[in-house]
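Trainee: Could you take me through the aromatic rings here? I would like a close look at how they pair up.

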Amino acid sequence: MKHFPGIGTPHAEGSRQPLWTWPAVGGVCAFAAALVLGPLRPAAGSALSGLWPGDVNSASTAIQAVATASVTVTTLTFSVTVVTLQIASQQFSPRLLRRYARDRVIKSVLAVLIATSVFALTTLAFLDAKQPVPTVSVFLACTLGVASLAAVLAFLSHIVREVRVDSMMVSVHDETGQAIRMFYPGRDEPARLSPEELGLDEAPGTTVYGRSSGFVRLVRVDRLVAGARRGEAVVRLLVRPGDLVVAGTPVATVWRRDPSTGALGPHPGEGPAVDAIHDTVLLGYERTLEQDVAFGFRQLEDIAVKAVSPGINDPVSAITAIGHMADLLVKLAGCRLGATAHRDGDGVGRAVVPDRDLRYYLDLTCGQLRRFAAAEPTVLAALLRMLRDLATAVRDEPSAAETRRAADLVLETLAPSVGPRDAEQIHDLHGRVLAALDGRTAEAYLDRSGETRSA
C-alpha cells in the first residue's frame, strides 16, 4: 500500500536512532555478558578450560592489551568521524551531517568498539590469581579484540567511500526517491477526493494558531481525520512537512460541519478537532526527509551551489547534482502533486492537507543555481538538459507550462559576459526543451557527438 503525504507516520530515512544508541546498547549488553560469564570457571581438563592455555597473569596481560587498544581505536574512530563531518559541512552542505549521524556502519563500528572496551574492563575485575582462569570470558574478550580490528578496517574503507561527494549525492538521491515512492500517488492510481469538492471557501472558518515554533517534521493525517470526526468539523492545514512554523502564526483553518445538513459554519475554536491539529503537526529544530521530499532536493541544490562557489569552483560536481535532480523530477512528473483531501470511515470529507506543486520544485532546483552560475554556461546547460528530460516526461499542459517557464528563466539569467559561442549552446538547449514539450523528442535529443548530454 502506498502512503500518501502525511498519512500515518511512515519514514523515508534510513536508520533514525541517534548516533549514541547503538554504542550504548552494545556497552550495556557487553557489561551484562561479562557479569554472567565472569564467574564461570571451567574445571581443569574440561573442553571449556582449553579456550585459554595460559595462567591468570597471561590472561590479565591479554585483556589489558585488548582494553587499551579498543579505547585508543574508539578515540581514533570518533576523531575521524568528527573530521569527516567538518569536511562535509564546509565543502558540501551542513544539511548533510544528519546522514553521518544516522550511518549504520559508523554506529555498528562504535558499538563493537564500546562493547569490547566494556567487556574487557569488566572481565578484568573477575581475574584472581587464587582461582582458575575464566576461560570463556578471556576467549570472548580476545575474540572481540580481533572483531574490533576488523571493524576499524571496515570503518576506514567505508568512510573513505562515503566522504566522496558522489557517494553523498547517491545517498540523498536514493532517500529522496524512496520518499517520492512512499508519499506521492501515481497518475495511474485512482483519483482521490479533490479539496475543491469540500467547498471550504464558501463559508468562513476559524483560524488556529501555532503554540510552538520549529520545522514541520511529520503530519499525522490519520489523527487529524479522527479528531475532526469526533468534533464534527472539517480542517484545512496551512503547513506541510518542511515548513518553518513560528508560534502565534496560522497553522490551520477549521469549520463546524452540521451533521444533519452537512453545511459548514464557523467553529468555536476549541474541542477535539483543534486538539487534533496540534497533535497532528509535529515540529522539530531541523528539517528531515521523513515526509519532506523537498528537503532531498534542498541538499542536492546545496551541493551544486557550493560547487560553483568561487572558493571551490567545481562545476562538474554541480552538473552531477543536477543529473540526480533530473531523475527525481522525472519521477515527480509521474505523480499527482498538490493538496489532498481525506475522508473519514463514513466517507465524509474531514481534512485538506497542502503539499508542494511542480513550480515549487522547479524553483527549488533551478532558482539559486541559475543565479549563482549565470556566468558559467556549462551549469546553465545542465539545467536546461534537466528541463529537457522533464519536458519529455510531463503529460499535462500545466506541468508543461511550468517546465517552459523554468527554461525561460534559465535563458534570461545568462550573463552578458558569456561569449557568443557559449551563449549559442544555451539557446540551442532552450530550443530543445521547447521541442520536447511539443512532442518532437527525437529532435530534442539528436546531436553530433553527445554534446547535449555530456559536460
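Mentor: Happy to! Rings of Phe, Tyr and Trp (its six-membered ring) pair if their centres lie within 6.5 Å; planes under 30 degrees apart count as stacked, over 60 as edge-to-face and the rest as tilted. The structure holds two aromatic pairs. In one of them, the ring centres of Phe297 and Tyr361 are 5.2 Å apart and the planes meet at 50 degrees, so this pair is tilted. It links distant parts of the chain, 64 residues apart: Phe297 belongs to helix α9 (residues 293-307) and Tyr361 to helix α11 (residues 358-372). Helices here are DSSP runs (H or I, at least four residues), numbered from the N terminus.

Tyr361 also pairs with Tyr360, edge-to-face, at 5.9 Å centre to centre and 90 degrees between the planes. Phe297 is buried, with a relative accessible area of 0%, and Tyr361 is buried at 1%, whereas Tyr360 is partly exposed at 32%. Buried means under 20% relative accessible area, exposed over 50%, partly exposed in between (1.4 Å probe, protein chains only).

Tyr360 has a charged neighbour too: Arg356 lies over its face, 4.5 Å from the ring centre. A charge sits over a ring if NZ of Lys or CZ of Arg is within 6 Å of the ring centre and within 35 degrees of the ring normal. Likewise, the charged end of Arg388 sits over the ring of Tyr445, 4.2 Å from its centre.

Do keep in mind that this is a predicted model, where local features need pLDDT of at least 70, side-chain atom pairs count only at pLDDT 80 or more, and totals for chains, interfaces and linings use all residues. Residues are numbered from 1 along each chain as its sequence is written, and side-chain values use heavy atoms, leaving out hydrogens and water.

Key. Helices (H or I, at least four residues) and strands (E, at least two) are DSSP runs, numbered from the N terminus.
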